[in-house]
Amino acid sequence: MFKVILMRLISILLLILSFSTGYSQVNSYTQKKEFALNGSVKKVTTYLVKVGYYSIPLDTVNYFGKTSLSFSKQGDLKTYSKNYTLDNYVLKTTMNYSGTGKKLTFTEHTKLNDKPEEIFNKKHHWLTNYSYQIINTKNDQDPISTVHLDENFKLKSITLESATYKSIEEAFYTYEENVLKEIVYELTEVQNGEIKKTKNTHQIMDSDVYNNPTVIYFYEKEVNPKPTSVILKYYEYYQ
C-alpha cells in the first residue's frame with residue numbers, strides 16, 4: 001500500500017514542478033536540455049502556492065510544494081529535491097546524481113509521512129536516442145518510469161508502471177512566436193481495472209531575461225475556471 005500511495009503522489013506531482021519550458025538546441029544530451037532551460041543555469045527553485053479565495057499569491061509564504069534543481073556548468077543534473085505537503089501526506093525526496101550526458105546514476109532518499117525513509121539506487125537505461133527508463137539497480141521488481149523526449153530532448157511523456165498500477169502523463173505545448181505560452185498535461189491512471197483521467201493547464205504569465213518562466217498559473221479547467229495554484233520559479237546562473 002505504501003508504494004501504491006507513493007507512486008500515485010509521484011505520478012500526480014511529477015510534471016507539476018518539473019516541466020519543460022521551451023526550445024532547446026539539438027546536440028548531445030544533458031538533463032538541462034530535458035528541462036529546456038535557457039542560459040547557463042546553475043540552480044532552479046520552484047514553489048507551488050495555493051490561490052486564495054479572493055487573491056492570487058505573489059510570494060512563497062504559503063507554499064505547499066517546493067523543488068530544487070542544481071546543474072553543473074555543462075548542464076548535467078547534480079541534485080534534485082522535492083518537498084510536498086498535501087492534505088494527508090508529506091512527501092520528501094532527495095536525489096544525488098553522478099555521471100554526465102546519458103550515463104547517469106543517482107541515489108534517491110524518499111520519506112512519506114512518518115514512514116521509515118527508503119533509499120534507492122537508480123540509473124538511466126536508454127531504449128532509443130529519445131527515450132529511457134529509470135531503473136532500480138538493486139531491485140528489478142521496483143516500479144519503472146519510462147521517459148519519452150522530443151527531437152530537442154524536451155520532455156514529452158512519462159509512464160510509471162508496477163504490477164498493480166500504471167500512469168501515463170503527456171505534455172502538450174503551445175507557442176507564440178517561438179515563446180512558450182501554455183502547457184496542457186493529461187494524466188491517465190489505471191489501477192485495479194479502473195481508469196481515471198485528469199487534465200491540468202500551466203499558463204505562463206511572466207519570464208526572466210533568459211525567457212525562463214518565473215510565474216505560471218496552474219488550472220484544473222474541467223473543475224474550476226480560475227487558477228487553483230501559482231508556480232513561482234527562481235533561477236541562479238553561472239557567471
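**Rings, strands and a pocket**

Modeller: In this predicted model, Lys122 lies over the face of Phe120, at 5.1 Å from the ring centre.

Biologist: Over the ring of which residue does the charged end of Lys102 sit?

Modeller: A charge sits over a ring when, among other conditions, NZ of Lys is within 6 Å of the ring centre. The charged end of Lys102 is 4.3 Å from the centre of the ring in question. That ring belongs to Trp126.

Biologist: How many aromatic pairs does a search of the whole structure find, and what kind of pair do Tyr47 and Tyr63 form?

Modeller: The search finds 12 aromatic pairs. For Tyr47 and Tyr63, the ring centres are 5.0 Å apart and the planes stand at 70 degrees. Planes over 60 degrees apart count as edge-to-face. The pair of Tyr47 and Tyr63 is therefore edge-to-face.

Biologist: How many residues apart in sequence are the parts that this pair ties together?

Modeller: Tyr47 belongs to strand S1, whereas Tyr63 belongs to strand S2 (residues 63-71). The pair therefore ties together parts whose separation in sequence is 16 residues.

Biologist: Is Tyr47 buried or exposed?

Modeller: Buried means under 20% relative accessible area. Tyr47 has a relative accessible area of 15%. Tyr63, at 38%, counts as partly exposed, whereas Tyr47 is buried.

Biologist: Which residues do ring pairs link into a cluster with Trp126?

Modeller: Trp126 and Tyr132 are both buried. Ring pairs link Trp126 into a cluster with Tyr29, Tyr130, Tyr132 and Phe153.

Biologist: Why is strand S14 described as largely enclosed by the rest of the structure?

Modeller: Strand S1 (residues 41-50) is joined to S14 by 9 bridges and runs antiparallel to it, with Lys50 opposite Ser229. Strand S13 (residues 213-219) is also antiparallel to S14, through 4 bridges, and Tyr217 stands opposite Val230. Strand S14 covers residues 229-237, and it is largely enclosed because the buried residues number 7 of the 9.

Biologist: How many nonpolar residues are in the lining of the second largest pocket?

Modeller: The second largest pocket has a volume of about 190 Å³. Its lining includes Val51, Tyr53, Tyr54, Ile56 and Pro227, along with Gly52, Ser55, Asn224, Lys226 and Thr228. By class, 4 of the lining residues are polar and 1 is charged, and the number of nonpolar residues is 5.

Notes: Residues are numbered from 1 along each chain as its sequence is written. This is a predicted model: local features need pLDDT of at least 70, side-chain atom pairs count only at pLDDT 80 or more; totals for chains, interfaces and linings use all residues. Side-chain values use heavy atoms; hydrogens and water are left out. Buried means under 20% relative accessible area, exposed over 50%, partly exposed in between (1.4 Å probe, protein chains only). Helices (H or I, at least four residues) and strands (E, at least two) are DSSP runs, numbered from the N terminus. Two strands pair if DSSP finds at least two bridges between them. Rings of Phe, Tyr and Trp (its six-membered ring) pair if their centres lie within 6.5 Å; planes under 30 degrees apart count as stacked, over 60 as edge-to-face and the rest as tilted. A charge sits over a ring if NZ of Lys or CZ of Arg is within 6 Å of the ring centre and within 35 degrees of the ring normal. On a 1 Å grid over the protein atoms alone, a cavity is a set of points where a 1.4 Å probe fits but cannot get out, and a pocket is an open set with protein on both sides within 12 Å along at least five of seven lines; lining residues have an atom within 4 Å of a point. Grid points are joined across faces, edges and corners, and a volume is the space filled by probe spheres set on the points. Ala, Val, Leu, Ile, Met, Phe, Trp, Tyr, Cys and Pro count as nonpolar, Asp, Glu, Lys and Arg as charged, and the others, Gly among them, as polar.
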